[in-house]
Amino acid sequence: MTGPELVEQDGVGVPDALQRLWTPHRMAYIRGQEKPDGDEPDGCPFCRLPGLGDDKRALIIARGETVFAVLNLYPYNPGHLMVVPYRHVADYPDLTAEETRELAEFTQHAMGVVRAVSAAHGFNIGMNQGVIAGAGIAAHLHQHLVPRWGGDANFMPVIGHTKVLPQLLGETRDLLAGAW
């Protein structure tokens, strides 16, 4: 049995037996092209999404009184969602008691929903507070909930810096919203 024919390209060194999976659409995210900073509410996607009037298009899974759950547009894993306060607030200590309570309740409920529809084995849950801590939109607080499965960190993200997602965001949104 023979593998794919290796093609040498000048300047790249010794050819290897690895195949390449090209994901050029991710370059817009990596480079931050047209990425909103969210500093002002009118330029903040988290402020804008609830007002779109179409939760399916906005990838909103569920709405509460003070927070909503929305799929991450650039997920680490299928079902990667965020719990976001409606209010444009950057820092966790600045949440009201009601916002803090509902954010926690939504997170708990989201874990149950994701487990029910995808049998997640575990979760990474957290907030990146400030640009220096990795927040993509630091001006509007949001808590990530990333489902995890045994073996989900395979060679693709480690070697290829590529995450393979087996489901379209719209399909994931419909599953989670239906189970919410």
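Trainee: Is Asp-55 buried, partly exposed or exposed here?
Mentor: Asp-55 is partly exposed, at 24% relative accessible area. Buried means under 20% relative accessible area, exposed over 50%, and partly exposed in between, with a 1.4 Å probe and protein chains only. This is a predicted model, where local features need pLDDT of at least 70, side-chain atom pairs count only at pLDDT 80 or more, and totals for chains, interfaces and linings use all residues. Residues are numbered from 1 along each chain as its sequence is written, and side-chain values use heavy atoms, leaving out hydrogens and water.

Trainee: Thanks! Which residue forms a salt bridge with Asp-55?
Mentor: That's Arg-63, with the closest N and O atoms 2.7 Å apart. A salt bridge is a side-chain nitrogen of Lys or Arg within 4 Å of a carboxyl oxygen of Asp or Glu. Arg-63 is partly exposed, with 37% relative accessibility.

Trainee: How many salt bridges turn up in the whole structure?
Mentor: The search finds six.

Trainee: Switching to helix H4, how far apart in it are Glu-105 and Arg-101?
Mentor: They sit four residues apart in H4 (residues 97-118), or about one helical turn. Helices are DSSP runs of H or I with at least four residues, numbered from the N terminus. The two side chains form a salt bridge at 2.4 Å, N to O.

Trainee: And what about Arg-173, buried or exposed?
Mentor: Buried, at 13% relative accessibility. Its salt-bridge partner Asp-174, 3.3 Å away from N to O, is partly exposed at 32%.

Trainee: Which residues are linked in a network of salt bridges?
Mentor: Lys-56, Arg-173 and Asp-174 are linked that way.

Note on methods. Helix = DSSP H or I, 4+ residues; strand = E, 2+ residues; numbered from the N terminus.
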